[in-house]
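Me: I've just opened this one and I'm new to it. Can you walk me through it with some questions and answers?

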There are 2 protein chains.
Amino acid sequence: MYNKRPLILISNDDGYDYNGIKSLIKVARTLGDVFVVAPAVHQSGKSSAITFVNPVRTIKVAQEPGYTAYLATGTPADCVKLALSQLMADNMPDLVLAGINHGYNSGLNTLYSGTMACVFEGILHGVPSVAFSFGDYSSDADTSVCEPVVKHVTERVLKGGLPKDVCLNVNIPKVDGGFKGMKVTTGDMGRWVNEWEHRVDPTGRDYYWLTGEFEIADKNEGLTDYYWLERGFVTVTPTHVDQTDYESMSQIADLLL
Amino acid sequence: MYNKRPLILISNDDGYDYNGIKSLIKVARTLGDVFVVAPAVHQSGKSSAITFVNPVRTIKVAQEPGYTAYLATGTPADCVKLALSQLMADNMPDLVLAGINHGYNSGLNTLYSGTMACVFEGILHGVPSVAFSFGDYSSDADTSVCEPVVKHVTERVLKGGLPKDVCLNVNIPKVDGGFKGMKVTTGDMGRWVNEWEHRVDPTGRDYYWLTGEFEIADKNEGLTDYYWLERGFVTVTPTHVDQTDYESMSQIADLLL
(Lines give C-alpha, C1' and ligand atoms only; values in the text may rest on other atoms or scores of the structure.)
Protein backbone atom coordinates (compact mmCIF):
# COMPACT_ATOMS: atom_id res chain seq x y z
CA MET A 1 0.00 0.00 0.00
CA TYR A 2 2.89 2.42 0.76
CA ASN A 3 5.69 3.32 -1.64
CA LYS A 4 7.76 4.34 1.34
CA ARG A 5 7.56 3.68 5.06
CA PRO A 6 4.36 5.12 6.50
CA LEU A 7 4.69 8.38 8.43
CA ILE A 8 3.09 8.28 11.88
CA LEU A 9 2.33 11.35 14.03
CA ILE A 10 2.23 10.68 17.77
CA SER A 11 0.96 12.86 20.60
CA ASN A 12 -0.52 12.40 24.07
CA ASP A 13 -1.67 14.37 27.08
CA ASP A 14 0.62 13.00 29.79
CA GLY A 15 3.80 14.39 28.22
CA TYR A 16 6.94 13.07 26.57
CA ASP A 17 8.45 11.44 29.67
CA TYR A 18 5.66 8.93 30.33
CA ASN A 19 5.99 5.22 29.68
CA GLY A 20 2.80 5.23 27.62
CA ILE A 21 4.11 7.46 24.86
CA LYS A 22 7.46 5.64 24.99
CA SER A 23 5.69 2.33 24.30
CA LEU A 24 3.71 3.91 21.48
CA ILE A 25 6.84 5.39 19.89
CA LYS A 26 8.68 2.08 20.25
CA VAL A 27 6.01 0.12 18.40
CA ALA A 28 5.37 2.81 15.79
CA ARG A 29 9.08 2.98 14.89
CA THR A 30 8.97 -0.70 13.92
CA LEU A 31 6.17 0.13 11.46
CA GLY A 32 7.13 3.48 10.01
CA ASP A 33 8.81 6.85 10.40
CA VAL A 34 7.68 8.68 13.52
CA PHE A 35 7.05 12.36 14.23
CA VAL A 36 6.16 13.30 17.83
CA VAL A 37 4.63 16.54 19.10
CA ALA A 38 3.88 16.15 22.80
CA PRO A 39 2.79 18.70 25.41
CA ALA A 40 5.65 20.30 27.33
CA VAL A 41 3.51 20.27 30.47
CA HIS A 42 1.17 17.48 31.66
CA GLN A 43 -2.28 18.10 30.08
CA SER A 44 -4.66 15.47 31.48
CA GLY A 45 -8.34 16.39 31.52
CA LYS A 46 -7.87 19.21 29.01
CA SER A 47 -10.50 17.86 26.60
CA SER A 48 -10.31 19.67 23.23
CA ALA A 49 -9.17 22.92 24.82
CA ILE A 50 -7.20 25.17 22.47
CA THR A 51 -4.76 27.99 23.18
CA PHE A 52 -5.30 31.40 21.63
CA VAL A 53 -4.84 33.84 24.51
CA ASN A 54 -1.11 33.11 24.45
CA PRO A 55 1.10 31.97 21.58
CA VAL A 56 2.45 28.41 21.49
CA ARG A 57 6.16 27.70 21.43
CA THR A 58 8.03 24.51 20.60
CA ILE A 59 11.33 22.87 21.39
CA LYS A 60 12.86 20.12 19.26
CA VAL A 61 14.06 17.29 21.51
CA ALA A 62 15.04 14.66 18.92
CA GLN A 63 15.97 14.46 15.27
CA GLU A 64 17.49 11.43 13.59
CA PRO A 65 16.64 9.43 10.45
CA GLY A 66 13.02 8.29 10.75
CA TYR A 67 12.41 10.04 14.07
CA THR A 68 11.65 13.63 15.03
CA ALA A 69 10.23 14.87 18.33
CA TYR A 70 9.00 18.27 19.53
CA LEU A 71 7.49 19.50 22.76
CA ALA A 72 4.87 22.27 22.50
CA THR A 73 3.64 24.63 25.21
CA GLY A 74 -0.03 24.04 24.41
CA THR A 75 -2.80 21.50 24.86
CA PRO A 76 -3.01 18.09 23.18
CA ALA A 77 -5.30 19.57 20.50
CA ASP A 78 -2.75 22.35 19.92
CA CYS A 79 0.03 19.77 19.52
CA VAL A 80 -1.72 17.88 16.73
CA LYS A 81 -2.94 21.05 15.02
CA LEU A 82 0.56 22.50 15.10
CA ALA A 83 2.12 19.28 13.83
CA LEU A 84 -0.27 18.93 10.90
CA SER A 85 -0.37 22.59 9.88
CA GLN A 86 3.18 23.77 10.59
CA LEU A 87 5.82 21.41 11.93
CA MET A 88 5.37 18.53 9.47
CA ALA A 89 5.35 21.03 6.60
CA ASP A 90 4.05 19.33 3.48
CA ASN A 91 4.39 15.76 4.77
CA MET A 92 0.93 14.80 5.97
CA PRO A 93 1.13 11.67 8.11
CA ASP A 94 -0.56 8.42 7.14
CA LEU A 95 -1.74 7.92 10.71
CA VAL A 96 -2.16 9.78 14.00
CA LEU A 97 -1.64 7.77 17.20
CA ALA A 98 -2.35 9.15 20.69
CA GLY A 99 -1.42 7.84 24.13
CA ILE A 100 -0.84 5.34 25.53
CA ASN A 101 -2.76 7.22 28.22
CA HIS A 102 -2.09 6.24 31.83
CA GLY A 103 -5.73 5.56 32.75
CA TYR A 104 -8.85 4.64 30.79
CA ASN A 105 -10.57 6.98 28.38
CA SER A 106 -13.65 4.80 28.30
CA GLY A 107 -17.30 5.80 28.18
CA LEU A 108 -18.19 9.33 29.12
CA ASN A 109 -14.55 10.13 29.85
CA THR A 110 -13.83 10.70 26.17
CA LEU A 111 -15.52 14.08 26.85
CA TYR A 112 -12.72 15.19 29.18
CA SER A 113 -9.82 13.42 27.49
CA GLY A 114 -6.81 15.17 26.01
CA THR A 115 -5.83 11.88 24.38
CA MET A 116 -9.11 11.80 22.47
CA ALA A 117 -8.62 15.46 21.50
CA CYS A 118 -5.49 14.35 19.60
CA VAL A 119 -7.39 11.86 17.48
CA PHE A 120 -10.31 14.23 16.93
CA GLU A 121 -7.82 16.68 15.42
CA GLY A 122 -6.40 13.84 13.35
CA ILE A 123 -9.69 12.97 11.68
CA LEU A 124 -10.65 16.64 11.32
CA HIS A 125 -7.49 16.95 9.20
CA GLY A 126 -8.44 13.83 7.20
CA VAL A 127 -5.90 11.46 8.77
CA PRO A 128 -6.87 8.00 10.18
CA SER A 129 -6.40 8.22 13.94
CA VAL A 130 -6.27 5.85 16.91
CA ALA A 131 -6.14 6.59 20.65
CA PHE A 132 -4.79 4.06 23.16
CA SER A 133 -5.46 4.12 26.91
CA PHE A 134 -4.41 1.71 29.64
CA GLY A 135 -6.25 0.82 32.84
CA ASP A 136 -3.30 1.69 35.10
CA TYR A 137 -3.47 5.27 36.35
CA SER A 138 -0.04 5.47 37.97
CA SER A 139 2.55 7.77 36.42
CA ASP A 140 5.05 4.89 36.29
CA ALA A 141 2.61 2.31 34.86
CA ASP A 142 4.32 -0.49 32.90
CA THR A 143 2.73 0.00 29.49
CA SER A 144 4.83 -2.66 27.75
CA VAL A 145 1.92 -5.11 28.11
CA CYS A 146 -0.03 -2.85 25.73
CA GLU A 147 2.52 -3.02 22.94
CA PRO A 148 1.15 -6.13 21.17
CA VAL A 149 -2.29 -4.48 21.07
CA VAL A 150 -0.80 -1.29 19.64
CA LYS A 151 1.05 -3.30 17.01
CA HIS A 152 -2.00 -5.32 15.98
CA VAL A 153 -4.35 -2.32 15.69
CA THR A 154 -1.78 -0.08 14.00
CA GLU A 155 -0.87 -2.69 11.40
CA ARG A 156 -4.51 -3.33 10.57
CA VAL A 157 -5.37 0.36 10.29
CA LEU A 158 -2.29 1.12 8.15
CA LYS A 159 -3.35 -1.70 5.85
CA GLY A 160 -7.13 -1.29 5.78
CA GLY A 161 -7.72 2.37 6.65
CA LEU A 162 -10.66 3.68 8.64
CA PRO A 163 -14.09 4.99 7.63
CA LYS A 164 -14.13 8.75 6.89
CA ASP A 165 -14.51 10.93 10.01
CA VAL A 166 -14.23 7.95 12.40
CA CYS A 167 -11.37 7.46 14.86
CA LEU A 168 -10.76 4.54 17.21
CA ASN A 169 -10.76 4.75 20.99
CA VAL A 170 -8.84 1.68 22.21
CA ASN A 171 -8.86 0.88 25.94
CA ILE A 172 -6.61 -1.82 27.35
CA PRO A 173 -7.31 -3.40 30.76
CA LYS A 174 -4.64 -4.26 33.28
CA VAL A 175 -5.14 -8.02 33.58
CA ASP A 176 -3.07 -10.63 35.36
CA GLY A 177 -2.40 -13.43 32.91
CA GLY A 178 -3.18 -11.48 29.74
CA PHE A 179 -6.18 -10.12 27.88
CA LYS A 180 -9.19 -12.31 27.15
CA GLY A 181 -9.61 -10.86 23.66
CA MET A 182 -10.82 -7.74 21.86
CA LYS A 183 -14.34 -6.34 21.43
CA VAL A 184 -15.80 -3.50 19.37
CA THR A 185 -17.94 -1.56 21.83
CA THR A 186 -20.02 1.52 22.47
CA GLY A 187 -18.96 4.17 24.97
CA ASP A 188 -20.75 3.83 28.31
CA MET A 189 -22.55 7.12 28.94
CA GLY A 190 -22.60 6.76 32.71
CA ARG A 191 -22.05 9.64 35.07
CA TRP A 192 -19.70 10.90 37.75
CA VAL A 193 -21.07 11.08 41.29
CA ASN A 194 -19.59 12.57 44.48
CA GLU A 195 -17.57 14.79 42.21
CA TRP A 196 -16.08 17.17 44.76
CA GLU A 197 -14.30 16.89 48.05
CA HIS A 198 -14.91 20.01 50.11
CA ARG A 199 -12.06 21.06 52.41
CA VAL A 200 -11.29 24.06 54.57
CA ASP A 201 -7.81 25.58 54.50
CA PRO A 202 -5.86 26.61 57.64
CA THR A 203 -7.22 30.16 57.35
CA GLY A 204 -10.82 28.90 57.37
CA ARG A 205 -11.54 29.30 53.64
CA ASP A 206 -13.35 26.68 51.51
CA TYR A 207 -11.74 24.86 48.62
CA TYR A 208 -12.81 21.93 46.44
CA TRP A 209 -10.94 19.02 44.85
CA LEU A 210 -12.46 17.40 41.77
CA THR A 211 -12.72 13.66 42.44
CA GLY A 212 -15.62 11.18 42.39
CA GLU A 213 -16.70 7.76 41.23
CA PHE A 214 -17.94 6.78 37.78
CA GLU A 215 -21.40 5.23 37.83
CA ILE A 216 -21.78 2.88 34.89
CA ALA A 217 -25.03 3.35 32.96
CA ASP A 218 -25.89 0.13 31.15
CA LYS A 219 -23.55 -2.49 32.46
CA ASN A 220 -25.84 -5.36 31.62
CA GLU A 221 -26.34 -4.70 27.96
CA GLY A 222 -23.08 -6.36 27.06
CA LEU A 223 -22.22 -3.77 24.44
CA THR A 224 -20.26 -1.12 26.30
CA ASP A 225 -16.56 -0.57 26.85
CA TYR A 226 -16.84 -0.71 30.66
CA TYR A 227 -18.68 -4.02 30.51
CA TRP A 228 -15.89 -5.71 28.54
CA LEU A 229 -12.97 -3.94 30.24
CA GLU A 230 -14.19 -5.32 33.55
CA ARG A 231 -14.13 -8.78 31.97
CA GLY A 232 -10.53 -8.46 30.79
CA PHE A 233 -11.11 -7.57 27.13
CA VAL A 234 -9.44 -4.84 25.09
CA THR A 235 -12.20 -2.55 23.79
CA VAL A 236 -12.32 -0.55 20.57
CA THR A 237 -14.98 2.15 20.33
CA PRO A 238 -15.42 3.81 16.91
CA THR A 239 -15.85 7.51 17.68
CA HIS A 240 -16.77 10.63 15.74
CA VAL A 241 -16.88 14.37 16.42
CA ASP A 242 -20.40 15.37 15.38
CA GLN A 243 -22.68 15.65 18.42
CA THR A 244 -25.86 16.70 16.61
CA ASP A 245 -28.82 14.75 17.98
CA TYR A 246 -30.52 14.03 14.68
CA GLU A 247 -33.28 11.95 16.27
CA SER A 248 -34.81 14.78 18.28
CA MET A 249 -34.80 17.46 15.56
CA SER A 250 -38.51 17.22 14.76
CA GLN A 251 -39.43 17.11 18.44
CA ILE A 252 -37.42 20.28 19.07
CA ALA A 253 -39.05 21.94 16.07
CA ASP A 254 -42.46 21.13 17.57
CA LEU A 255 -41.38 22.64 20.88
CA LEU A 256 -39.87 25.87 19.59
CA LEU A 257 -41.18 26.85 16.17
CA MET B 1 -46.08 23.08 36.00
CA TYR B 2 -44.07 24.53 38.89
CA ASN B 3 -45.33 24.89 42.47
CA LYS B 4 -42.80 27.61 42.98
CA ARG B 5 -40.73 29.78 40.68
CA PRO B 6 -38.35 27.67 38.61
CA LEU B 7 -34.70 27.65 39.70
CA ILE B 8 -32.27 28.45 36.87
CA LEU B 9 -28.51 27.84 36.99
CA ILE B 10 -26.45 30.10 34.73
CA SER B 11 -22.81 29.85 33.70
CA ASN B 12 -20.64 30.86 30.75
CA ASP B 13 -17.04 30.88 29.61
CA ASP B 14 -16.46 34.60 29.06
CA GLY B 15 -16.84 35.49 32.75
CA TYR B 16 -19.27 37.42 34.94
CA ASP B 17 -18.51 40.89 33.55
CA TYR B 18 -19.58 40.21 29.96
CA ASN B 19 -22.78 41.61 28.46
CA GLY B 20 -23.82 38.14 27.31
CA ILE B 21 -24.20 36.68 30.79
CA LYS B 22 -25.79 39.92 31.97
CA SER B 23 -28.50 39.59 29.29
CA LEU B 24 -29.03 35.95 30.20
CA ILE B 25 -29.36 36.77 33.90
CA LYS B 26 -31.72 39.64 33.14
CA VAL B 27 -34.14 37.47 31.15
CA ALA B 28 -33.86 34.48 33.49
CA ARG B 29 -34.75 36.62 36.51
CA THR B 30 -38.07 37.49 34.88
CA LEU B 31 -38.83 33.75 34.65
CA GLY B 32 -37.46 32.28 37.86
CA ASP B 33 -34.93 32.37 40.67
CA VAL B 34 -31.37 32.52 39.39
CA PHE B 35 -28.13 30.97 40.66
CA VAL B 36 -24.93 31.93 38.81
CA VAL B 37 -21.55 30.19 38.95
CA ALA B 38 -19.25 31.85 36.42
CA PRO B 39 -15.50 31.46 35.82
CA ALA B 40 -13.35 33.96 37.71
CA VAL B 41 -11.00 34.15 34.70
CA HIS B 42 -11.98 34.22 31.00
CA GLN B 43 -12.24 30.60 29.77
CA SER B 44 -12.98 30.69 26.04
CA GLY B 45 -11.88 27.65 24.05
CA LYS B 46 -11.57 25.47 27.13
CA SER B 47 -13.90 22.76 25.78
CA SER B 48 -14.88 20.31 28.56
CA ALA B 49 -11.54 20.70 30.35
CA ILE B 50 -11.71 19.93 34.08
CA THR B 51 -9.44 20.97 36.93
CA PHE B 52 -7.93 18.33 39.20
CA VAL B 53 -4.26 19.27 39.47
CA ASN B 54 -5.24 22.25 41.61
CA PRO B 55 -8.25 22.73 43.87
CA VAL B 56 -11.04 25.10 42.87
CA ARG B 57 -12.00 28.07 45.02
CA THR B 58 -15.09 30.26 44.94
CA ILE B 59 -16.09 33.78 45.86
CA LYS B 60 -19.71 34.84 46.41
CA VAL B 61 -20.38 38.08 44.56
CA ALA B 62 -24.15 38.45 45.04
CA GLN B 63 -26.87 37.19 47.34
CA GLU B 64 -30.36 38.60 47.50
CA PRO B 65 -33.86 37.06 47.37
CA GLY B 66 -34.09 35.03 44.15
CA TYR B 67 -30.52 35.72 43.08
CA THR B 68 -27.17 34.26 44.08
CA ALA B 69 -23.87 34.52 42.19
CA TYR B 70 -20.45 32.91 42.65
CA LEU B 71 -17.21 33.10 40.73
CA ALA B 72 -15.09 29.92 40.62
CA THR B 73 -11.40 29.57 39.77
CA GLY B 74 -11.99 26.69 37.33
CA THR B 75 -13.24 25.94 33.86
CA PRO B 76 -16.84 26.24 32.64
CA ALA B 77 -17.32 22.49 33.23
CA ASP B 78 -15.98 22.91 36.78
CA CYS B 79 -18.42 25.77 37.41
CA VAL B 80 -21.49 23.71 36.55
CA LYS B 81 -20.19 20.59 38.31
CA LEU B 82 -19.48 22.61 41.44
CA ALA B 83 -22.87 24.34 41.33
CA LEU B 84 -24.82 21.12 40.95
CA SER B 85 -22.83 19.01 43.41
CA GLN B 86 -21.88 21.51 46.11
CA LEU B 87 -22.97 25.13 45.93
CA MET B 88 -26.68 24.61 45.24
CA ALA B 89 -26.78 22.01 47.98
CA ASP B 90 -30.01 20.03 47.71
CA ASN B 91 -31.77 22.44 45.35
CA MET B 92 -31.28 20.97 41.90
CA PRO B 93 -32.15 23.56 39.26
CA ASP B 94 -34.99 23.11 36.78
CA LEU B 95 -32.81 24.40 33.98
CA VAL B 96 -29.18 25.17 33.12
CA LEU B 97 -28.53 28.12 30.79
CA ALA B 98 -25.10 28.97 29.37
CA GLY B 99 -23.85 32.08 27.61
CA ILE B 100 -24.76 34.29 25.93
CA ASN B 101 -21.38 33.64 24.34
CA HIS B 102 -19.72 36.48 22.50
CA GLY B 103 -19.18 34.61 19.22
CA TYR B 104 -20.85 31.65 17.55
CA ASN B 105 -20.61 28.10 18.86
CA SER B 106 -21.91 26.70 15.62
CA GLY B 107 -20.88 23.56 13.77
CA LEU B 108 -17.57 22.00 14.65
CA ASN B 109 -16.89 24.74 17.18
CA THR B 110 -19.03 23.00 19.79
CA LEU B 111 -15.94 20.78 20.18
CA TYR B 112 -13.85 23.65 21.55
CA SER B 113 -16.60 25.55 23.35
CA GLY B 114 -16.63 26.19 27.09
CA THR B 115 -20.23 27.36 26.73
CA MET B 116 -21.23 23.95 25.38
CA ALA B 117 -19.28 22.29 28.22
CA CYS B 118 -21.71 23.97 30.65
CA VAL B 119 -24.76 22.43 29.03
CA PHE B 120 -23.09 19.03 28.62
CA GLU B 121 -22.59 19.02 32.40
CA GLY B 122 -26.21 20.05 32.81
CA ILE B 123 -27.63 17.09 30.90
CA LEU B 124 -25.09 14.72 32.46
CA HIS B 125 -26.64 15.71 35.79
CA GLY B 126 -30.14 15.20 34.41
CA VAL B 127 -31.10 18.88 34.05
CA PRO B 128 -32.55 20.35 30.81
CA SER B 129 -29.90 22.68 29.41
CA VAL B 130 -29.64 25.37 26.74
CA ALA B 131 -26.58 27.24 25.42
CA PHE B 132 -26.88 30.62 23.71
CA SER B 133 -24.22 32.18 21.48
CA PHE B 134 -24.24 35.43 19.50
CA GLY B 135 -22.52 36.21 16.22
CA ASP B 136 -20.68 39.24 17.59
CA TYR B 137 -17.20 38.36 18.83
CA SER B 138 -16.35 41.70 20.48
CA SER B 139 -15.99 41.77 24.26
CA ASP B 140 -18.44 44.70 24.43
CA ALA B 141 -21.03 43.18 22.05
CA ASP B 142 -24.57 44.48 22.61
CA THR B 143 -26.36 41.24 23.46
CA SER B 144 -29.69 42.89 24.27
CA VAL B 145 -30.91 41.97 20.77
CA CYS B 146 -30.68 38.31 21.87
CA GLU B 147 -32.97 38.71 24.85
CA PRO B 148 -36.29 38.01 23.06
CA VAL B 149 -34.78 34.76 21.71
CA VAL B 150 -33.57 33.75 25.17
CA LYS B 151 -37.02 34.47 26.59
CA HIS B 152 -38.86 32.48 23.93
CA VAL B 153 -36.64 29.41 24.13
CA THR B 154 -36.40 29.43 27.93
CA GLU B 155 -40.17 29.72 28.38
CA ARG B 156 -40.81 26.86 25.96
CA VAL B 157 -38.21 24.59 27.55
CA LEU B 158 -39.44 25.34 31.08
CA LYS B 159 -42.94 24.45 29.93
CA GLY B 160 -42.27 21.49 27.65
CA GLY B 161 -38.96 20.07 28.85
CA LEU B 162 -36.34 18.49 26.60
CA PRO B 163 -35.68 14.89 25.50
CA LYS B 164 -33.46 12.95 27.91
CA ASP B 165 -29.71 13.51 27.34
CA VAL B 166 -30.30 16.23 24.73
CA CYS B 167 -29.31 19.87 25.19
CA LEU B 168 -29.91 22.79 22.83
CA ASN B 169 -27.20 24.81 21.10
CA VAL B 170 -28.82 28.12 20.12
CA ASN B 171 -26.88 30.48 17.84
CA ILE B 172 -28.12 34.00 17.18
CA PRO B 173 -26.89 36.00 14.18
CA LYS B 174 -26.11 39.69 14.28
CA VAL B 175 -28.59 41.02 11.72
CA ASP B 176 -29.50 44.56 10.81
CA GLY B 177 -33.27 44.83 10.90
CA GLY B 178 -33.94 41.73 13.00
CA PHE B 179 -33.86 37.96 12.63
CA LYS B 180 -35.63 36.25 9.74
CA GLY B 181 -36.90 33.42 11.95
CA MET B 182 -35.71 30.29 13.75
CA LYS B 183 -34.59 26.92 12.35
CA VAL B 184 -33.77 23.57 13.94
CA THR B 185 -30.47 22.58 12.37
CA THR B 186 -27.55 20.16 12.34
CA GLY B 187 -24.05 21.24 13.31
CA ASP B 188 -21.85 21.91 10.28
CA MET B 189 -18.83 19.62 10.56
CA GLY B 190 -16.55 21.80 8.50
CA ARG B 191 -12.91 22.35 9.30
CA TRP B 192 -10.44 25.03 10.27
CA VAL B 193 -7.75 25.91 7.73
CA ASN B 194 -4.67 28.16 7.99
CA GLU B 195 -4.81 27.47 11.71
CA TRP B 196 -1.51 29.00 12.78
CA GLU B 197 0.32 32.24 12.22
CA HIS B 198 4.06 31.67 12.53
CA ARG B 199 6.07 34.58 13.92
CA VAL B 200 9.63 35.11 15.04
CA ASP B 201 10.32 37.00 18.25
CA PRO B 202 12.98 39.74 18.62
CA THR B 203 15.52 37.14 19.82
CA GLY B 204 14.98 35.04 16.67
CA ARG B 205 12.83 32.31 18.21
CA ASP B 206 9.68 30.85 16.59
CA TYR B 207 6.24 31.17 18.09
CA TYR B 208 2.75 30.39 16.80
CA TRP B 209 -0.65 32.06 17.21
CA LEU B 210 -3.74 29.90 16.81
CA THR B 211 -5.99 31.60 14.24
CA GLY B 212 -7.50 30.46 10.93
CA GLU B 213 -10.69 30.39 8.88
CA PHE B 214 -13.59 27.99 9.18
CA GLU B 215 -14.32 26.13 5.96
CA ILE B 216 -17.97 25.18 5.84
CA ALA B 217 -18.60 21.55 4.84
CA ASP B 218 -22.07 21.26 3.36
CA LYS B 219 -23.34 24.75 2.88
CA ASN B 220 -25.76 23.78 0.15
CA GLU B 221 -27.68 21.10 1.94
CA GLY B 222 -29.87 23.67 3.69
CA LEU B 223 -29.83 21.79 7.00
CA THR B 224 -26.85 23.16 8.87
CA ASP B 225 -26.48 25.94 11.38
CA TYR B 226 -23.98 27.90 9.27
CA TYR B 227 -26.30 27.81 6.28
CA TRP B 228 -29.15 29.44 8.20
CA LEU B 229 -27.03 31.79 10.30
CA GLU B 230 -25.68 33.31 7.08
CA ARG B 231 -29.27 33.86 5.99
CA GLY B 232 -30.20 35.71 9.18
CA PHE B 233 -31.99 32.92 11.07
CA VAL B 234 -31.56 31.90 14.71
CA THR B 235 -30.47 28.25 14.73
CA VAL B 236 -31.18 25.57 17.33
CA THR B 237 -29.09 22.40 17.14
CA PRO B 238 -30.15 19.52 19.42
CA THR B 239 -26.89 18.15 20.80
CA HIS B 240 -25.82 15.12 22.85
CA VAL B 241 -22.64 13.92 24.51
CA ASP B 242 -22.23 10.36 23.19
CA GLN B 243 -19.73 10.26 20.33
CA THR B 244 -19.85 6.52 19.63
CA ASP B 245 -20.02 5.92 15.88
CA TYR B 246 -22.60 3.13 15.95
CA GLU B 247 -22.74 2.85 12.16
CA SER B 248 -19.16 1.68 11.70
CA MET B 249 -19.05 -0.89 14.50
CA SER B 250 -19.35 -3.94 12.26
CA GLN B 251 -16.86 -2.53 9.76
CA ILE B 252 -14.34 -1.99 12.57
CA ALA B 253 -14.97 -5.51 13.85
CA ASP B 254 -14.18 -6.83 10.36
CA LEU B 255 -10.96 -4.82 10.32
CA LEU B 256 -9.63 -5.75 13.75
CA LEU B 257 -11.10 -8.98 15.08
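What follows is a chat about a predicted model, going from the pairing of its chains to single residues.

Me: How many residues of chain B are in contact with chain A?
Reply: Let's start with how the two chains meet. The area buried between chain B and chain A is about 7000 Å², with carbon and sulfur atoms giving 65% of that. On the chain B side, Trp196(B), Gln243(B) and Leu256(B) lose the most area to chain A, together 12% of what that side buries. Counting contacts, chain A brings 77 residues, and the number from chain B is 77.

Me: Which rotation superposes chain B on chain A?
Reply: The superposition comes out with an RMSD of 0.0 Å and a shift of 0.0 Å along the axis. The two copies are thus related as by a two-fold rotation axis. The same surface serves both, as 100% of the contact residues of chain B recur in chain A. The rotation is 180 degrees.

Me: How many salt bridges are counted between chain B and chain A?
Reply: Over all chains, the count comes to 22 salt bridges. Between chain B and chain A there are also 37 residue pairs in polar contact. The chain B side that touches chain A divides into 37 nonpolar, 26 polar and 14 charged residues. As for salt bridges between these two chains, the count is four.

Me: Which residue of chain B forms a salt bridge with Lys81(A)?
Reply: Lys81(A) sits in helix α2 of chain A, and its partner is in the loop between β9 and β10 of chain B, so the pair joins two chains. The closest N and O atoms are 2.7 Å apart.

Me: Which other residue joins Lys81(A) and Glu195(B) in one network?
Reply: Here you look for salt bridges that share partners. Such bridges bring one more residue in with Lys81(A) and Glu195(B), namely Glu121(A).

Me: How many residues of helix α2 of chain A are buried?
Reply: This helix covers residues 76-87 and is mostly covered. Among its buried residues are Pro76(A), Asp78(A), Lys81(A) and Leu87(A). Out of 12 residues in the helix, the buried ones number 10.

Me: Which residue forms a salt bridge with Glu147(B), and where is it?
Reply: Glu147(B) is in helix α4 of chain B, and the pair links distant parts of the chain, 121 residues apart. Glu147(B) counts as buried because its relative accessibility is 12%, under the 20% cut-off. The closest N and O atoms are 2.9 Å apart. The partner, in helix α1 of chain B, is Lys26(B).

Me: Is Pro148(B) buried or exposed?
Reply: Pro148(B) also lies in helix α4 of chain B. Its C-alpha atom is separated by 8.4 Å from that of Val27(B), 121 residues apart along the chain. Since the relative accessibility of Pro148(B) is 54% and the cut-off is over 50%, Pro148(B) counts as exposed.

Me: What does the side chain of Ser129(A) reach at 2.7 Å?
Reply: Ser129(A) lies in strand β6 of chain A and is buried, with a relative accessible area of 0%. Leaving aside residues up to four places away in sequence, Ser129(A) touches several others, including Leu95(A), Val119(A) and Cys167(A). At 2.7 Å, the side chain of Ser129(A) reaches the backbone oxygen of Val127(A).

Conventions. Residues numbered from 1 in each chain as written. Chains lettered and ligands numbered in written order. Predicted model: local features only at pLDDT ≥ 70, side-chain atom pairs only at ≥ 80, totals over all residues. Heavy atoms only, no water. Contact = heavy atoms within 4.5 Å. Buried area = accessible area lost by both parts, 1.4 Å probe. Salt bridge = Lys/Arg side-chain N within 4 Å of Asp/Glu carboxyl O. Polar contact = N/O pair within 3.5 Å; in protein donor to acceptor, adjacent residues only side chain to side chain. Nonpolar A, V, L, I, M, F, W, Y, C, P; charged D, E, K, R; others polar. Least-squares fit on C-alpha atoms with pLDDT ≥ 70 in both. Buried < 20%, exposed > 50% of the residue type's maximum accessible area, 1.4 Å probe, protein only. Helix = DSSP H or I, 4+ residues; strand = E, 2+ residues; numbered from the N terminus.
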